[in-house]
Amino acid sequence: VRLVTSIALSIPISVYVAFNFFYAAGISINSLTLVGMALAIGMLVDNSVVVLENIYRHAAGRTHPDIAVVKGTREVWRSILASTLTTITVFLPFLFSDNYMIRILGSNIGISIISTLLVSMMVALLLIPMLTHLILQRQPDKRPVIFEKVSLHKRLIQFYLLILKSSMRNPAATIVGALVLF
């Protein structure tokens, strides 16, 4: 629950801080800015999950929480920066267009995506390591962090495996069934 809470905290923080960028750019909250923010939410969570998982990978190896947080964040910060900047560069040219319609669409959607992603990158690199460190420090016992093993005795897992095996055995029926369903 604490892990999910730390990831879930990154969404409202990034969105509310991005509203300040909207105000600075003179953009109102309308359907175009909300579309841009909806597109950015997926990558927003991805950055935080990547940092959190890498920190917990080190913590599961019985590394001290201080070292696990620093090492885990240090290993992935370049990847997160590169992926965020790649997405930002796609929307950056819209801000400098001379066409009126492209400029309106680009400024609303572009600024909402760019600002939300920049804030989410900062949240993933600063807030998530801090919260993870607090969670790791407050563990009552010194047992290593162990991920829950998937048990084949759980009904939901058994049902999923049954569906997965039947889909793999009959790919044509799976594709036709998916097309009919959609």
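My entries on this structure follow.

**Ground rules.** I am reading a predicted model, where local features need pLDDT of at least 70, side-chain atom pairs count only at pLDDT 80 or more, and totals for chains, interfaces and linings use all residues. Residues are numbered from 1 along each chain as its sequence is written, and side-chain values use heavy atoms, with hydrogens and water left out.

**Fold.** I looked up the elements first. The chain has six helices and zero strands. Helices are DSSP runs of H or I with at least four residues, strands are runs of E with at least two, and both are numbered from the N terminus. The order from the N terminus is α-α-α-α-α-α.

**Spread.** I then checked the overall form. The radius of gyration is 21 Å, well over the 16 Å that the globule rule gives for 182 residues, so the chain is more spread out than a compact globule. The radius is taken over C-alpha atoms, and the rule is 2.2 Å times the number of residues to the power 0.38. Along the principal axes, the C-alpha atoms fill a box of roughly 60 × 50 × 25 Å.

**Burial.** What share of the 182 residues counts as buried? I noted 33%. Buried means under 20% relative accessible area, exposed over 50%, and partly exposed in between (1.4 Å probe, protein chains only).

**Aromatic rings.** Next I searched for ring pairs. I found two aromatic pairs. In the first, Tyr16 and Phe19 have ring centres 5.9 Å apart and planes at 55°, so this pair is tilted. Rings of Phe, Tyr and Trp (its six-membered ring) pair if their centres lie within 6.5 Å; planes under 30 degrees apart count as stacked, over 60 as edge-to-face and the rest as tilted. Tyr16 and Phe19 are three residues apart in helix α1 (residues 2-25), so about one helical turn separates them.

In the second pair, Phe19 and Phe22 have ring centres 5.8 Å apart and planes at 55°, so this pair is tilted as well. Phe19 and Phe22 also lie three residues apart in helix α1, about one turn of the helix. Tyr16, Phe19 and Phe22 form one aromatic cluster.

**Cover over the rings.** Is Phe22 buried or exposed? Phe22 is buried, at 1% relative accessibility. Phe19 is partly exposed, at 25%. Tyr16 is exposed, at 56%.
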